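Welcome! Please take a moment to look over the sequence and the model below, and then read on for a short tour.

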Amino acid sequence: MTTFEPSPAVLRVAATSKRPAMGSAPENAVSLAMGEPDFDTPTAVIGAASAALEAGETHYADQNGLPSLRHALADKLSRDGLEYNQDQILVSHGATAGLASAILATVGPGDRVVIPEPCYSLYADLVELAGGTTVFVGLSPDMHWDLPALRDALVGAKLMVFSNPCNPTGIVHTREELLALGTMIEGTDTLVIADEAYDAIVYRPTVFTSALDVESLRERTIYAQTFSKTYAMTGWRVGYIAGPADVIAAASRVHRTFNGSVNTAVQLAAHTALETGHEVIDGMVASYRERRDLLLELLAGIPHLSPYPVDGTFYSFVRYDLDVPSEQVTAELRGQGLLVRAGSEYGPSGEGHFRLSFAADADSIARAATVLRSYFSSVPANEASLVRT
Ligand SMILES: Cc1ncc(COP(=O)(O)O)c(C=O)c1O
């Protein structure tokens, strides 16, 4: 009999990760747990993939991504004072592999990586995989960055990672926050990963500022993007990173070592997605907005709950004022047929919260609110006595 012990890297991730392995939802359950659009991929994109397959686009591709796609992405990202070329773009297996490549390419044992939290739970897992040290910095009570705390934490840091708009909080970090970050790390070697996966899903009057539009950040920024959310393409597995050529070359080495090249037909379809008219995306965002309003209206008045404002993304992060761990709340809600994500998955300050995705139909949102109302209205006396002040 052989005995097997996972590698130290796996053990490090297993010891700290709170990311659930997502399986299929139990029958009849309402799921507001998944982070994915409920729209189908635009038909032109599907057509482009099937045409590519019919045309024999079934071979390995350039390991950095199809030059035609990288060229189009470089054009899309270039702006006043910032010119990208193809060597600064890496097409990846979703943003997941783009982020993994960027973190494994830049972080070594003992390197400090600053992550404002609550935040997307993949980042800290990747830092563990790389052997780095995660330095979580709690957000301010309004879920914006705690700038003095960030300033202290960033001293000597190798990297800072954040998502903007933020999964799970739904907050859009402001231009002023980004400018303050740029000032804090000016003159240092600290790199920044700006994961802007939800940049297209922002609700007016909120205005989104990309890290690439902040002069003091752009030189040191590894920009991470995906086709998953904007174009409802989660299952296609295509994203990209962009940044300084030497950093992208290092990330490319990691990506081709793990993944080889990205599916050729999928890259051609992604290129078509880039050319998709803005009306298609605007239509999806208008629909998310209606559902955001519905969810927040239904949550208002449920005892113990305080949702944060949602400026972007399709998530509502909800605080509850009971002294019950969020994993227990999540398990109990699951027992009542509602799937949500425990706030503790997103970092220590996520405790006392849960995350709802409103990329779901109105009926599911209404059913979810009914379960939440019943659950939080019937808090047992012993738990109510532990209510936080
Ligand atoms: C902030 C953020 N970044 C990256 C990803 C991963 O996206 P992809 O499907 O491209 O791997 C997600 C998915 O939920 C996300 O929320």
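Two strands are said to pair when DSSP finds at least two bridges between them. Helices (H or I, at least four residues) and strands (E, at least two) are DSSP runs, numbered from the N terminus. Residue numbers start from 1 along each chain, following the sequence as written. What you see is a predicted model: local features need pLDDT of at least 70, side-chain atom pairs count only at pLDDT 80 or more, and totals for chains, interfaces and linings use all residues.

**The seven-stranded sheet**

- An open sheet is built from 7 strands in the order β2-β8-β7-β6-β5-β3-β4, with mixed pairing.
- At its edges are β2 (89–92) and β4 (133–138), each of which pairs on one side only.
- From one strand to the next, the twist averages 20°; here axes are lines fitted to C-alpha atoms, for helices over the stretch in contact, and angles run from 0 to 180 degrees between N-to-C directions.
- Helix α3 (residues 67–77) packs on this sheet, where it touches β2, β7 (221–226) and β8 (239–242), and its direction makes about 120° with that of β2. Contact between two residues means that their C-beta atoms, placed from the backbone, lie within 7 Å.
- Helix α9 (residues 245–259) also lies across β2, β7 and β8, and runs at about 25° to β2.
- Inside the sheet, β3 (residues 112–117) and β5 (residues 159–163) run parallel and are joined by 2 bridges. Val-114 has Met-160 of β5 as its bridge partner.

**The four-stranded sheet**

- A further open sheet has 4 strands in the order β9-β10-β13-β12, with antiparallel pairing.
- β9 (305–307) and β12 (341–342) are its edge strands; each has a single partner strand, so one side of each is left without a neighbour in the sheet.
- Between β9 and β10 there are 3 bridges, in the antiparallel sense. Ser-306 stands opposite Arg-319 in β10.

- In total, the chain has 14 helices and 13 strands.
- For 389 residues, a compact globule would have a radius of gyration near 21 Å, and the chain agrees with this because its own value is 21 Å. The radius is taken over C-alpha atoms, and the globule rule is 2.2 Å times the number of residues to the power 0.38.
- Along the principal axes, the C-alpha atoms of the chain fill a box of roughly 60 × 60 × 50 Å.
- The domain assignment gives domain 1 (8–41 + 279–384) and domain 2 (44–274); such bounds come from an automatic or database domain assignment. The C-alpha centres of domain 1 and domain 2 are 25 Å apart.
- Where the domains meet, 36 residues of domain 1 are in contact with 34 residues of domain 2.
- On the side of domain 1 that touches domain 2, α1 (8–16), α11 (278–299) and β10 (315–320) each supply at least two residues. The largest share of that side, 6 residues, comes from α11.
- By class, that side of domain 1 has 15 nonpolar, 11 polar and 10 charged residues. In this count, Ala, Val, Leu, Ile, Met, Phe, Trp, Tyr, Cys and Pro are nonpolar, Asp, Glu, Lys and Arg are charged, and the others, Gly among them, are polar.

**Around the ligand**

- The ligand is surrounded by 13 residues, and the closest are Gly-94, Ala-95, Thr-96, Thr-226 and Ser-228. A residue is near a molecule if its C-beta atom, placed from the backbone, lies within 6 Å of it.
- Helix α4 (residues 94–106) gives the most to this shell, with 3 residues.
- The shell is made up of 3 nonpolar, 9 polar and 1 charged residues.

**Backbone details worth a look**

- Most residues other than glycine have a negative phi, and most peptide bonds are trans.
- Asn-164 and Pro-165 are joined by a cis peptide bond, with omega about -10°. Pro-165 lies in the loop between β5 and α7 (175–185).
- Another cis peptide bond joins Arg-204 and Pro-205, with omega about 5°. Pro-205 is in the loop between β6 (191–195) and α8 (215–218).
- Arg-237 is not a glycine, although it has a positive phi of about 65°. Arg-237 is found in the loop between β7 and β8.
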